[in-house]
Amino acid sequence: MVYLTRKAEFSASHYYHNPDFTPEENLRVFGKCANPNGHGHNYTLEVTVKGEVDPRSGFVVDLKQLKETMHREVLDVLDHRFLNKEVPEFLTRIPTTENLAIAIWQRLAPKLSAAQLHRVRVYETPDLFVDFYGEA
Amino acid sequence: MKAFLTRRYMFSASHRLHSDAMSEQENVTAYGKCNNPHGHGHNYALEVTVGGPVDQRTGMICNLTDLDAFIQREILDRFDLQNLNMLPDFAELVPTTENLSVVIHDIVHRGFKSAHLEKVRIEETMMNSFEYPGSEDLRK
C-alpha cells in the first residue's frame, strides 16, 4: 500500500453562528469568529489517497485526474466564496475547519475511483489544521 | 464523525543533555555537543492533536480558545524562555525532546478535559521532530 498526497490552496471567507444560540451564546462560544460580516483565510488542502502501485504505470493514481477531481469537486466550489452563503453544506452547518474537512471528504470520496481516499487535511492557518479519515 | 484537530505553538528554551548515571566520558560520547556544560537553546514548535466527534451545535471538536488557554497556562508559561534543566520536571530526567514530549503529553492528558489528547509532536529544529501518542493504556 502506498500513500500519495496532493496539495492545493483556496481562499474563502466565513463566520461562525448557530441560529439556535442567543446572540450572547454565539459571542461567548465563537468570539471574534461570530462577526456576521465574515473574515477570510488562505486555506491549504492536503488530499491523501492510498492504493497499490499499478505495475504498468507505476502510479497509485493518475495525478492529473486527482488534480482535476479536486478542482471540480472542491476548489471550484470553495475558492473565493463566502462559505456560509454560497456553499450548500454551510447553509445549515457551521463552516468550522472540522466541518470543512468533513464536507471536502464527502465531496471527494464518491468521485475517486482508482485509489481510495485516506485522509483530508485542511489548514486554516499554518498553526491550525484538521484531519478527517472518514466515518469509520 | 470523528475528526482530529492540531494546533501549533512556539516556545524557546535552553537545555543541557547530561545524565548523572553516566561517566563524564560516557556523557560526551552519548550527547556530543549537547553535553556542553553551559547548555544551549532551541526554538521548539509544539503540535498538540486532539480528537473526537464534531459537536454539530458548534461545528467543533473542542473550543480552540479553551485549548489555547490551557496550553498557554500549563505549557508555555512553564517552559517558554526557561532553562529546562532547572525545572522540577527535569530534576531527575534528561531534557531530551523525547522526554519533553512525554512530560508535555502527561500534563495535557491529565489536565485538559475538553477533548481527547491524541498526540504531542515537538520539532526541536527544522531537521528533527519527536512524537508521543501516549502509552497503550492512555490511548484506549
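Visitor: How many salt bridges are counted between chain A and chain B?

Guide: A salt bridge is a side-chain nitrogen of Lys or Arg within 4 Å of a carboxyl oxygen of Asp or Glu. Between chain A and chain B the count is 1 salt bridge. The side chains of Asp127(A) and Arg7(B) form a salt bridge, at 3.2 Å from N to O. Please note that this is a predicted model, in which local features need pLDDT of at least 70 and side-chain atom pairs count only at pLDDT 80 or more, while totals for chains, interfaces and linings use all residues. Residues are numbered from 1 along each chain as its sequence is written, chains are lettered from A and ligands numbered from 1 in the order in which they are written, and side-chain values use heavy atoms, with hydrogens and water left out.

Visitor: How many residue pairs are in polar contact across the interface of chain A and chain B?

Guide: A polar contact is a pair of N or O atoms within 3.5 Å; within protein, one must be able to donate a hydrogen and the other to accept it, and residues adjacent in sequence count only if both atoms are side-chain atoms. Across the interface of chain A and chain B, this rule finds 9 residue pairs, with both residues at pLDDT 80 or more.

Visitor: Which element gives the most to the side of chain A that touches chain B?

Guide: Helices (H or I, at least four residues) and strands (E, at least two) are DSSP runs, numbered from the N terminus. Strand 5 of chain A gives the most to that side, with 5 residues. By class, the side of chain A that touches chain B has 12 nonpolar, 6 polar and 5 charged residues. Here Ala, Val, Leu, Ile, Met, Phe, Trp, Tyr, Cys and Pro count as nonpolar, Asp, Glu, Lys and Arg as charged, and the others, Gly among them, as polar.

Visitor: What is the area buried between chain A and chain B?

Guide: The size of an interface is often given as the accessible area lost when the parts come together. Buried area is the accessible area (1.4 Å probe) that two parts lose on being put together, summed over both. For chain A and chain B the figure is about 1700 Å², and carbon and sulfur atoms give 57% of it. Glu98(A), Asp127(A) and Phe129(A) supply 30% of the area that chain A buries against chain B, more than any other three residues. Counting contact as heavy atoms within 4.5 Å, the interface takes 23 residues from chain A and 19 residues from chain B.

Visitor: Which strand of chain B is joined to strand 5 of chain A?

Guide: Two strands pair if DSSP finds at least two bridges between them. Strand 5 (residues 128-132) of chain A is joined by 5 bridges to strand 1 (residues 2-15) of chain B, and the two run antiparallel. Within this pairing, Phe129(A) stands opposite Thr6(B), and Val130(A) has Leu5(B) as its bridge partner. Strand 1 of chain B is also joined to strand 2 (residues 40-53) of chain B, antiparallel, by 14 bridges; there, Thr6(B) is partnered by Thr49(B).

Visitor: Is Phe30(A) buried or exposed?

Guide: Buried means under 20% relative accessible area, exposed over 50%, and partly exposed in between (1.4 Å probe, protein chains only). Phe30(A), found in helix 1 of chain A, counts as buried because its relative accessibility is 5%. Leaving out residues up to four places away in sequence, Phe30(A) touches residues including Tyr16(A), Ile94(A), Arg57(B) and Met60(B).
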